[in-house]
Amino acid sequence: MEVIQSIIQDVNVVKLAGDLDGNTAPNVQAQIMPLAIPNVKMILDMSEVSYMSSAGLRMLLVMYRTIISKSGKVVLVGLSEDIRDTMSMTGFLDFFTYLETLDDGLKTLSS
Amino acid sequence: MERVDAYPTHEYQGFKLRPGKPFPFGATFVPGGVNFSIYSSHATSCTLALFNKGEAQPKIEIPFPDEFRIGDVFAMTVFGLDYENIEYGYRMEGPFDPQQGHRFDPSKILLDPYAKAISGRDVWGKPPNWENIFPHRSLLVFDDFDWDDDRPLEIPMEDLVIYEMHVRSFTRHPSSGVKFPGTFAGIRQKLPYLKELGVNCIELMPIYEFDEFENSRTSPETGETLMNYWGYSTVGFFAPKSGLAATGKLGMQVDELKALVKDLHRNGIEVFLDVVFNHTAEGNENGPYISFKGIDNKTYYMLTPEGYYFNFSGTGNTLNCNNPVVRNIVLDCLRYWASEYHIDGFRFDLASILGRDPLGYPLSNPPLLESLAFDPILAKCKLIAEAWDAGGLYQVGSFPAYGRWAEWNGKYRDGLRRFLKGEPGLAGDIAQRLQGSPDLYASRGPTASINFITCHDGFTLYDLVSYNDKHNEANGEGNRDGANDNDSWNCGWEGPSTDPGINSMRIRQMKNAAAMLLVSQGVPMILMGDEVARTQNGNNNTYCQDNSLNWLDWNLMNSQSELFRFFKNCIKFRLAHPVFRNRWHLSNQDRIGSGYADISWHGTQAWNADWSGSSRLLAFMLNGKHARGGMVEDDDIYMAMNMHWDSQWFELPRLPEGKNWHVFANTSAPSPEDVWETGHEPLLENQNGILLGDRSVVILVGK
């Protein structure tokens, strides 16, 4: 699992690549958490996540709760159809703003 | 502060351990590891078997050291597990002495009775590996679902309209158009339909893990595989059935079901579960070892003095519900579903068994039923009994209720069916049924009565008016299975007909049934698909049919839109009028000085009902000033029912000055004049009387 961070405009863009599961989620969480500073704007780019387990879904929700509690914003982009379906059916998608592309995400967060 | 118990104290073949906590039972995440806890009154030793997901053999078997047992409970914390890829079970050692009730067999690996998710039947109908030494495996589950501010809805019992459905049947048909047919997610996609129909409660037929392949066989008639389709045979009481979840193959069935409940709640719809505590999938002495049989047979099952299984359920074994240990697991289970899944109510299959003592005798004060009635977590849950069992106990009207329990009112079903088909002499019986059966539930009130004309057992509503006899050949039992006393009438031809007269009479009869059900005091229950004339081709026992006999055909929404509209308007009408939804029985008197009794009875002459043995008709008037015991004011309602084959002129009771009769429904009028929108009922031309066509009903609103 790779975590690639960049800053575009004032938005923290975190690109995840690989499988997000019980083995990788704690490490990913440890890398993202320091970015969850007050009023952060964050995009999680999921376009190269091939599989997400229950633990992966939970990590995303923990991130969401942390960022919201610090008046930040987080947007998901690039969800594959499979992962979007899984997130939708298990209720996790209800919490998130999700958009097709990174550009859509940037527009939403900068408006 | 870091906890001391986050560190192991023991080690076994590389696995770090610590003595576990007996509470809670089952597998629970604790800091650094997983706490495994299981009890058995008669086991002499126990071993935890851990598998990597899907592998044939366990990767490790860890015997519980002696010092890890407290009382009859074996408890152990195992550290550093890859919890998403672990399946677990237990081996138990103890006596094998069937005469004494013991059947321990340490060669078997057993499912945790408290398993919160179970693998092995991950995708519905996918043939399993029959050589698997451990076919139903316990999984570890997160119970940290984010409910936001959701909780059970606590809709007052008298305001419920229940819709009984099978998860798979609701959306499995290709016409459903949902992305994941036959699943919890499928129901969620069909929420707009449920909202339009207007029901505010769905009752799900069994969703506890079961084995659809139990007793599966090939139908001699059709060559299809016959399955344990309905699922009235539990494998695990704490686990939702994986094969009913689109995400079951990912092990996410728990979250998928919770997401469904949360979404239903957001839309004002409660969720009841049909729970089967009377027996398990382990059958009798010839059945498989899955869990209880190898953990503590003597405790969990009712056994004859010779050690054989009592069979009050008709399925091979009977859970020993009034043994204190078994009582506790039932209570733990319901508390779990109420608190973790926000379930609003439970319907107990063959509930009379829950009131039998360990030797099968009915108890006058059954501790299990009492515990459930007074439990603090279940305090606002609806508890509904199927108040009979297969051992001959029939308790409709006498089920030990503790002021809490409601019942499936079998007498309502039977009386309404016989009246509907035109049997004479039923006016008195029908008067009781429409009032919420005060003859059965005098002190319990009308909400003790779940009113239904059809349910999953027996004919659908369309089949009730299209078949005189059951046609169960497809079940492969020579048409011997299923009930024979259906009180049905085919309207003149057995099965589908091209005769427009017969077909229009069938539609009318279905509307008559809907109208009577939805004005009755008590709690109405509608069987899935009856609102669109779903048929099972005369099969009144489709427990084994994974096909269009059970699947709801969504094309019926178009072809049966007239019937659907009638149901929908009747549901809205009921929910708009508190006069139908009294918490306590009507008195047949005027106790508030309105000038009218709360309910009055009429016939072809006003104020003169025909209670005779030849009567096939009845009318009544509800006075709106008495609604909810006089707490709210509603319109007056008049309903006339003519189940005679001739038309009848009904004289109408006079309304107070300034009020007039308006027509809400007339089942003999052609659509769309058969039913009106609530609040838009047209004025009745002749305020003195109305002609009812043959076999039809009229509902008027006085306002």
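Biologist: What should I know before I start?

Modeller: The model is predicted: local features need pLDDT of at least 70, side-chain atom pairs count only at pLDDT 80 or more, and totals for chains, interfaces and linings use all residues. Residues are numbered from 1 along each chain as its sequence is written, while chains are lettered from A and ligands numbered from 1 in the order in which they are written.

Biologist: Which residues touch the most other members of the largest nonpolar core?

Modeller: First the terms. A residue is buried if 20 or more other C-beta atoms lie within 10 Å of its own, exposed if 12 or fewer, and partly exposed in between, with C-beta atoms placed from the backbone. A nonpolar core is a set of buried Ala, Val, Leu, Ile, Met, Phe, Trp, Tyr and Cys residues joined through C-beta atoms within 7 Å. Here the largest has 208 residues, and B:Val199, B:Ile202, B:Phe346, B:Met639 and B:Ile699 touch the most other members. Helix H11 (residues 500-519) of chain B gives the most to this core: nine residues. Helices (H or I, at least four residues) and strands (E, at least two) are DSSP runs, numbered from the N terminus.

Biologist: Why does this core lie between two domains of chain B?

Modeller: Domain 1 (4-139) and domain 2 (587-702) of chain B both give residues to it, so the core lies between them. Domain bounds come from an automatic or database domain assignment. The centres of these two domains of chain B, taken over C-alpha atoms, are 64 Å apart.

Biologist: What does B:Ile699 touch?

Modeller: Contact means that two C-beta atoms, placed from the backbone, lie within 7 Å. Leaving out residues up to four places away in sequence, B:Ile699 touches B:Ala515, B:Val519, B:Ile637, B:Met639, B:Phe664 and B:Ala665.

Biologist: How do I read the two sides of a helix?

Modeller: An α-helix has 3.6 residues a turn, so residues three or four places apart point the same way. Take helix H4 (residues 102-110) of chain A. Its buried residues are A:Gly105, A:Leu106 and A:Leu109. Down the axis of H4(A), they fall within an arc of 95°, so they line one face of the helix. That arc is of the directions from the helix axis to the C-beta atoms. The face turned away from the buried side of H4(A) carries the exposed A:Asp103 and A:Lys107.

Biologist: Which strands do the buried residues of H4(A) pack against?

Modeller: Strands E1 (2-8), E2 (11-20), E3 (41-52), E4 (73-77) and E5 (97-99) of chain A.

Biologist: And how do I read a sheet?

Modeller: Strands of a sheet pair through backbone hydrogen bonds, either parallel or antiparallel. Two strands count as paired if DSSP finds at least two bridges between them. One open sheet of chain B has five strands in the order E26-E27-E28-E32-E30, with antiparallel pairing. Strand E26 (599-602) and strand E30 (661-666) of chain B are at the edges, each pairing on one side only. Four bridges join E26(B) to strand E27 (residues 617-622) of chain B. B:His602 has B:Ala619 as its bridge partner in E27(B).

Biologist: At about what angle does H11(B) run to E32(B)?

Modeller: Axes are lines fitted to C-alpha atoms, for helices over the stretch in contact, and angles run from 0 to 180 degrees between N-to-C directions. H11(B) runs at about 40° to E32(B), lying across strand E28 (636-642), E30 and strand E32 (696-702) of chain B.

Biologist: What happens at the hairpin of E1(B) and E2(B)?

Modeller: Two residues stand between the strands, and B:Gln13 takes a positive phi near 45°. Strand E1 (residues 10-12) and strand E2 (residues 15-19) of chain B pair in the antiparallel sense over three bridges. B:Glu11 stands opposite B:Lys16 in E2(B).
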